[in-house]
Amino acid sequence: MVERIAAALERLAPRAPAPPAFAAADAFSWHPEERRLLPVRKVNRVEMSLLKGIDRVRDVLLENTERFARGLPANNALLWGARGMGKSSLVKAVHAAVNAAHGRHKGSGKGADGGDGLLKLVEIHREDIESLPDLMALTRGAPYRFIVFCDDLSFEAEDTSYKSLKAMLEGGIEGRPDNVVFYATSNRRHLMARDMLENERSTAINPGEAVEEKVSLSDRFGLWLGFHRCSQDEFLAMVDGYVAHFRIPFAREKLHPEALEWATTRGARSGRVAWQYVQDLAGRLGVRLANSE
């Protein structure tokens, strides 16, 4: 009788999630409701050579990531600044470049997303930040190294989920596992809107202490990498790079005036705007944007 009751209770109990198949891919998306990491077979990424105007931050992030992949100390990184200047593209490109270098060292012929890379990229959505402890539990002790990546990270005035991130970055009882580093992109340097910070200061008895906890979140990122609006020359270099890479047959004397007009109609010059123009150009010319290699 006791055995039957125990068996019935075991059937009713939720099954423990299967351990992640980290060898299945080099990139994963985190699904906290199922406590699962789903493999991403092909990452939507831009080649490193096509990212123009961000040479300094590119080199800093690449060096930090290479150290981390080798098991050396490395910093969490916050990539902040102007929209469309390649913040998330850089994270994905650096991940691919480091894994490709690792593959060459091993003599592997697999691609960046083939699953044999030492370095895994795990995307977590902003609204799932509170589930970071569960994600850390899955990655802790795994025989791989992980970049946990959150794109467009920011917090609103009443949002308290940033505390989970603070504990993971630094200061929690377990802290960040040695095999995990956290990279985030944001349009805000302090991850909160300026008017929210000023409102906190104006209504607090001690204005400095009122915002110190929320501002200190940014301080837990060892690297602050700023992305600023590009110049006209940098914008045109981005366009030229895409056109050359995808072998789009278009006269240079027409290319630059068209590209500048496109940027003017959108009120901005950025890598994203350059890519949008190139997509339009390729579509008009009937050129498919497949890799030229």
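A residue is called buried when its relative accessible area is under 20%, exposed when that area is over 50%, and partly exposed in between, with a 1.4 Å probe and protein chains only. By this criterion, 45% of the 293 residues in the protein are buried. The structure is a predicted model, in which local features need pLDDT of at least 70 and side-chain atom pairs count only at pLDDT 80 or more, whereas totals for chains, interfaces and linings use all residues. Residues are numbered from 1 along each chain as its sequence is written, and side-chain values use heavy atoms, with hydrogens and water left out.

The protein contains ten helices and seven strands, taken as DSSP runs (H or I of at least four residues for helices, E of at least two for strands) and numbered from the N terminus. Of the contacts (heavy atoms within 4.5 Å) with a separation of 6 or more, 77% are between residues 24 or more positions apart. The accessible surface of the protein is about 15900 Å², and 50% of this belongs to carbon and sulfur atoms.

Helix H10 (residues 271-285) packs with helix H8 (residues 232-245), their axes coming within 9 Å and crossing at roughly 40°; axes are lines fitted to C-alpha atoms, for helices over the stretch in contact, and angles run from 0 to 180 degrees between N-to-C directions. H8 and H10 are therefore oblique to each other, since angles under 35 degrees count as roughly parallel, over 145 as roughly antiparallel, 65 to 115 as roughly perpendicular and the rest as oblique. On the H8 side the contact involves Phe-235, Met-238, Val-239, Tyr-242 and Val-243, and on the H10 side the residues include Gly-271, Trp-275 and Leu-281. This contact of H8 with H10 comprises eleven nonpolar residues, one polar and no charged, where Ala, Val, Leu, Ile, Met, Phe, Trp, Tyr, Cys and Pro count as nonpolar, Asp, Glu, Lys and Arg as charged, and the others, Gly among them, as polar.

H10 also packs with helix H9 (residues 252-266), at an angle of about 125° and with the axes 10 Å apart, which makes H9 oblique to H10. Among the residues that meet here are Glu-258, Trp-262 and Arg-266 of H9 and Gln-276, Asp-280 and Arg-284 of H10. The contact of H9 with H10 is made up of seven nonpolar residues, one polar and four charged.

Within helix H8 lies His-245, a buried residue with a relative accessible area of 11%. His-245 and Ser-49 are 196 residues apart in sequence, and their C-alpha atoms are 9.4 Å apart in space.

Conventions: Areas by Shrake-Rupley, 256 points an atom, 1.4 Å probe, with all protein chains shown as cover.
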